[in-house]
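Hi,

Here is the structure I promised to pass on. Have a look at it first, and then read my notes below.

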Amino acid sequence: MRRRRRRSRRTAIIAAMVLAAMAVLAVLHFRGRPQDLPWTRLDLAEPVGLFTGSKLAALGQDYPQCRALLARAGVTYARLEPIAKGQCGYADAVRLDPGGSRTIGFDPARPGMACPVAAALAMWEWNVVQPAALRRFGSRVVTFEHFGTYNCRYIAGSATLSEHAHARAIDIGGFVLANGKRITVARDWTGNDPEAAFLRDVRDGACRLFSTTLSPDYNAAHRDHLHLDEAARGGWSVCR
């Protein structure tokens, strides 16, 4: 009987030590990765964490905070005048301009978009796109080719307004590298080559930053672009 008690006590002590060690490791981990915690403030310069995506989407409720985050991160932008057009329009849009901490340009140039989309694009560039381009090709991306942001229209085949109707989306069709290489979703999505791998890298990385990430894997309507948006969904996302 005494042996059993001693054994049980020993087991309890060992279990307590293991739990304490795990707690210490968890504290050390989260101290170094604040975006893994839901209650920490968003910082665009921090590595992408478990709650970064939901915090970016929540910026749609706080335009001043979103602009302050862009400014703190060194993102060059200009505020856009609000637009109201029936059910369409926006009140929180910015135009991303050349210069600053972002180095990837746009074609067409200077697109306007809801502030949370701009913040997510900046983090996507720094944490996903450039690392993937350097890893796969040894060259940086210099241009995002896109199909537009604000557009007062419905989702194809439905009676639901698109996130484009509020400038909360951008469609990325291609990437131009510093070495002159051009990668497009329409041409390079399929296959096992570095181009296809790169496109999947950036799609998968976008899923951690945007409320919605849709690729050619979703449907034929997205065969030539990545649809990225910051729809207000209360923290959950769609990734296809």
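Tyr63, Cys66, Arg67 and Leu70 in helix H3 touch Cys115, Pro116, Ala118 and Ala119 in helix H4, where contact means heavy atoms within 4.5 Å. Of the residues in this contact, seven are nonpolar, none is polar and one is charged (Ala, Val, Leu, Ile, Met, Phe, Trp, Tyr, Cys and Pro count as nonpolar, Asp, Glu, Lys and Arg as charged, the others, Gly among them, as polar).

Please keep in mind that this is a predicted model, with local features needing pLDDT of at least 70, side-chain atom pairs counting only at pLDDT 80 or more, and totals for chains, interfaces and linings using all residues. Residues are numbered from 1 along each chain as its sequence is written, and side-chain values use heavy atoms, leaving out hydrogens and water.

H3 (residues 63–72) and H4 (residues 115–137) pack at about 30 degrees, their axes 9 Å apart; helices are DSSP runs of H or I with at least four residues, strands runs of E with at least two, numbered from the N terminus. Axes are lines fitted to C-alpha atoms, for helices over the stretch in contact, and angles run from 0 to 180 degrees between N-to-C directions.

Now for the rings, which pair if the centres of Phe, Tyr or Trp (its six-membered ring) lie within 6.5 Å; planes under 30 degrees apart are stacked, over 60 edge-to-face and the rest tilted. The count comes to eight aromatic pairs. Trp124 and Phe210 sit edge-to-face, 6.3 Å centre to centre with 90 degrees between the planes. Ring pairs also link Phe106, Trp124, Phe137, Phe144, Phe175, Phe198 and Phe210 into a cluster.

Best wishes
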